[in-house]
Each structure stands twice: as structure tokens, then as C-alpha cells.
Amino acid sequence: MPVAPNDVRPFAALDDVDRAILTELAADGRLPNNALAERVGVAPSTCLARTRALRESGAIRGFHAEVDPAAVGLPLQALVSVRLAAHERAAVDAFRARSVRLPGVVSVFHVAGAEDYVLHVRAASGDALRDFVLDHLAVDPAVQHTQTSLIFEQARGMG
């Protein structure tokens with residue numbers, strides 16, 4: 001169930017078992033329920049019910065496979081910073097809605113600072129990345145400025 005970014009959820013009501021489940025799943029989302037239950041010290045049936053409730057509340061947003069971009073023909077990654085021309089809520093919301101649907105976009109971050117958004121993009125080549133910026137961002141009347149930073153290496157953090 002998708003949750004709008006400004007929705008307030010009752011995460012303060014999570015107890016130590018819920019937090020332990022979240023911590024274990026963040027480290028290994030493929031952990032079987034029996035092993036997860038053992039690690040957090042509850043019965044498998046309790047663990048399954050808690051995990052379902054965490055998914056329904058939005059505390060668990062989903063599960064995914066982390067795939068090497070080169071394996072799917074997109075070895076080049078970049079962060080494209082975007083400054084918008086206008087900052088009315090409608091313009092900001094419309095840009096976000098458009099940007100998440102652009103080809104090659106992995107993630108869209110609304111950020112504070114000189115730029116408004118940072119797009120994590122995957123591309124087949126430098127030419128494809130240039131075409132992405134020119135064909136999708138430079139022509140967008142909402143976009144005032146872009147800056148592209150190539151990603152040389154990516155390492156996953158523990159958080």
C-alpha cells in the first residue's frame with residue numbers, strides 16, 4: 001500500500017520486538033520467518049503476524065532484489081541534481097510525479113539546499129545518460145538547472 005511522503009504513521013507505537021524485526025529484515029530481507037522469529041525471540045506465528053502488521057502500517061515498504069545494474073545492461077549510474085524554476089506545491093508535486101516515471105530513474109530524492117531534487121539514474125552509456133538529461137530534464141519547463149555526477153562505485157550501508 002503506497003503511502004504519501006507526508007502521511008503521519010504511528011511508528012512511535014512500535015515496540016522492541018517490532019523494531020528488532022525491522023532491523024533483521026533491513027539486514028536480510030530474505031530471512032525466513034522461522035529464522036526471523038528465532039532471532040527476535042518470539043514464536044513463528046507471532047513473528048508472521050507482526051511482520052504482516054508492519055507491512056500494512058507502512059513500516060515495511062516492500063521487499064526487492066538488489067540487482068547489479070550491469071547485468072541488465074545499465075552499467076553507468078549517476079546522480080542528477082535538479083533545481084526547479086518555481087517552488088509552488090503544485091509544481092513540486094508535478095515534477096516528482098513525472099520524474100519517478102522517467103526511464104532509468106531508480107530513486108527520486110526531494111532534498112534541502114541549493115537543489116530541489118536528486119535523481120539516481122542508470123544508463124547504458126555516457127551517450128544514453130546525456131540523452132536522458134537533454135530529452136527529459138533540459139526540455140522540462142519546470143527545470144531551471146541540472147548537474148550530473150557520475151557514480152564510480154556504490155556500497156550499501158548498514159542503515
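1. Two strands are taken as paired if DSSP finds at least two bridges between them. Strands (E, at least two residues) and helices (H or I, at least four) are DSSP runs, numbered from the N terminus. On that basis strand S1 (residues 76–84) pairs with S4 in the antiparallel sense, over eight bridges. Within S4, Ile151 is the bridge partner of Gln77.

2. The model is predicted: local features need pLDDT of at least 70, side-chain atom pairs count only at pLDDT 80 or more, and totals for chains, interfaces and linings use all residues. Residues are numbered from 1 along each chain as its sequence is written, and side-chain values use heavy atoms, with hydrogens and water left out.

3. The sheet is open and has four strands in the order S2-S3-S1-S4, with antiparallel pairing. Strands S2 (105–110) and S4 (143–151) each have a single partner strand and stand at the edges, so one side of each is left without a neighbour in the sheet. From one strand to the next, the twist averages 20°. In general, strands of a sheet pair through backbone hydrogen bonds, either parallel or antiparallel.

4. Helix H4 (residues 89–99) lies across S1, S2, S3 (117–123) and S4. Helix H4 runs at about 15° to S3. Axes here are lines fitted to C-alpha atoms, for helices over the stretch in contact (heavy atoms within 4.5 Å). Angles run from 0 to 180 degrees between N-to-C directions.

5. Gln147 belongs to strand S4. Is this residue buried, partly exposed or exposed? Its relative accessibility is 46%, so Gln147 counts as partly exposed; buried means under 20% relative accessible area, exposed over 50%, and partly exposed in between (1.4 Å probe, protein chains only). Apart from neighbours within four places in sequence, Gln147 contacts Leu79, Val80 and Ser81. The C-alpha atoms of Gln147 and Leu79 are separated by 8.3 Å, with the two residues 68 apart along the chain.

6. Glu115 sits in the loop between S2 and S3. Because its relative accessibility is 14%, Glu115 counts as buried. The side chain of Glu115 makes a polar contact with that of Arg83, at 3.1 Å. A polar contact is a pair of N or O atoms within 3.5 Å; within protein, one must be able to donate a hydrogen and the other to accept it, and residues adjacent in sequence count only if both atoms are side-chain atoms. Leaving aside neighbours within four places in sequence, Glu115 is in contact with Ser81, Val82, Arg83 and His145.
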